[in-house]
Amino acid sequence: MSVFLVPISLASFFWLVTAVGQAERILVINAADGGGEALQQETFKIDTVQNVTTLSLIQHDGTIIHHATDFLASKQTFHLKILPIDDLGQTEAQELCFVLPLEENQHVSAEVLGTIRQINPSAIRHAEENRPLETFSMDSLASTEELSRAAPHIQKICGGSQTFASFPASNISPPGFSVQPVLLPQCNETASSPKPCLCSLPVCIVWYPCGLRYCTNDAQTTDGGQPVPFKCGIKACRKCRVFVYRVESNLLCLWSFL
């Protein structure tokens, strides 16, 4: 394997690496949320052949999150395993999948992320930018089999989980989807009796590569004498999303009462 190192600013503590003959990589990040008091470990599985990156993490409440970004299919998938609350008599975990279009210019592709190496793997990483909160109405109950025809990673991540999808209003839902009624009350408004309602589930990624960083070198200039910019690292962001979806009982959305 041939490896070429390109140093970047000391503030980032990353190397850009060109590796030949390595199709899949693992990148582990120690990420800090907010003021740095809350820490969590994030593991990126980078498949440069399929151009898919899968981020895995465990939230402080025990929820397990897998977030896959498929750059070939232009889709992103969130798989959540929400642990039962013993004090409330729950015995089974909930497993949910949410499929969204992949935003343009908001993520670093697997091909590029596969060239990243950390100088100090034990360092605590902080996001440089806090992206705006977004709310998604997950109004289509999806077939993972149908979705996987366009994005094979979905079947692997979602499996038999209940899967919801959200698509732009201008698009028609593909076969295998059923549109869910949205004229339901919010779950926190139905405390008196268990009944179908709309559950709002917040999901935050405290550190993820959201863009490239460019540097200049006075030794490399244009004909006009201006420094030539070159890729020298990544920019990290924090992003929270709220998924709104139908549940058959408010007992499946207990966090909305907290």
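**Overall make-up**

The model is predicted. The protein contains 17 strands and three helices. Of its 258 residues, 43% are buried. Among contacts with a separation of 6 or more, 62% are between residues 24 or more positions apart. The accessible surface is about 13600 Å², and carbon and sulfur atoms contribute 54% of that area.

**Disulfides**

The protein has five disulfides, counting pairs of cysteine sulfur atoms within 2.5 Å. Three of them are listed here.

| Pair | S to S distance | Torsion about the S-S bond |
|---|---|---|
| Cysteine 97 and cysteine 158 | 2.1 Å | -100° |
| Cysteine 204 and cysteine 240 | 2.0 Å | about 110° |
| Cysteine 210 and cysteine 237 | 2.0 Å | 60° |

The link of cysteine 97 and cysteine 158 is left-handed.

The disulfide of cysteine 204 and cysteine 240 is right-handed, because the torsion about its S-S bond is about 110°. Cysteine 204 sits in strand 16 and cysteine 240 in strand 17 (residues 227-247), and the two are 36 residues apart. Cysteine 204 has a relative accessible area of 22% and is therefore partly exposed. Cysteine 240, at 12% relative accessibility, counts as buried, since the cut-off for buried is under 20%.

The link of cysteine 210 and cysteine 237 is right-handed. Cysteine 210 is in strand 16 and cysteine 237 in strand 17, so the pair ties together parts that are 27 residues apart in sequence. Cysteine 210 and cysteine 237 are both buried.

**Cavity**

Rolling a probe the size of a water molecule over the atoms shows where empty space is left. A search of the whole structure returns one cavity of 30 Å³ or more. The largest cavity has a volume of about 100 Å³. Its lining consists of Phe44, Thr53, Leu55, His67, Thr69, Phe71, His107, Val108, Leu113, Tyr208 and Pro209. By class, the lining residues of the largest cavity are seven nonpolar and four polar, with no charged residue. At least two lining residues come from each of strand 5 (52-58), strand 6 (64-70) and strand 16 (197-221).

Technical notes: Residues are numbered from 1 along each chain as its sequence is written. This is a predicted model: local features need pLDDT of at least 70, side-chain atom pairs count only at pLDDT 80 or more; totals for chains, interfaces and linings use all residues. Side-chain values use heavy atoms; hydrogens and water are left out. On a 1 Å grid over the protein atoms alone, a cavity is a set of points where a 1.4 Å probe fits but cannot get out, and a pocket is an open set with protein on both sides within 12 Å along at least five of seven lines; lining residues have an atom within 4 Å of a point. Grid points are joined across faces, edges and corners, and a volume is the space filled by probe spheres set on the points. Helices (H or I, at least four residues) and strands (E, at least two) are DSSP runs, numbered from the N terminus. Ala, Val, Leu, Ile, Met, Phe, Trp, Tyr, Cys and Pro count as nonpolar, Asp, Glu, Lys and Arg as charged, and the others, Gly among them, as polar. Buried means under 20% relative accessible area, exposed over 50%, partly exposed in between (1.4 Å probe, protein chains only). Contact means heavy atoms within 4.5 Å. Accessible areas come from the Shrake-Rupley method with a 1.4 Å probe; for residues, only the protein chains shown count as cover.
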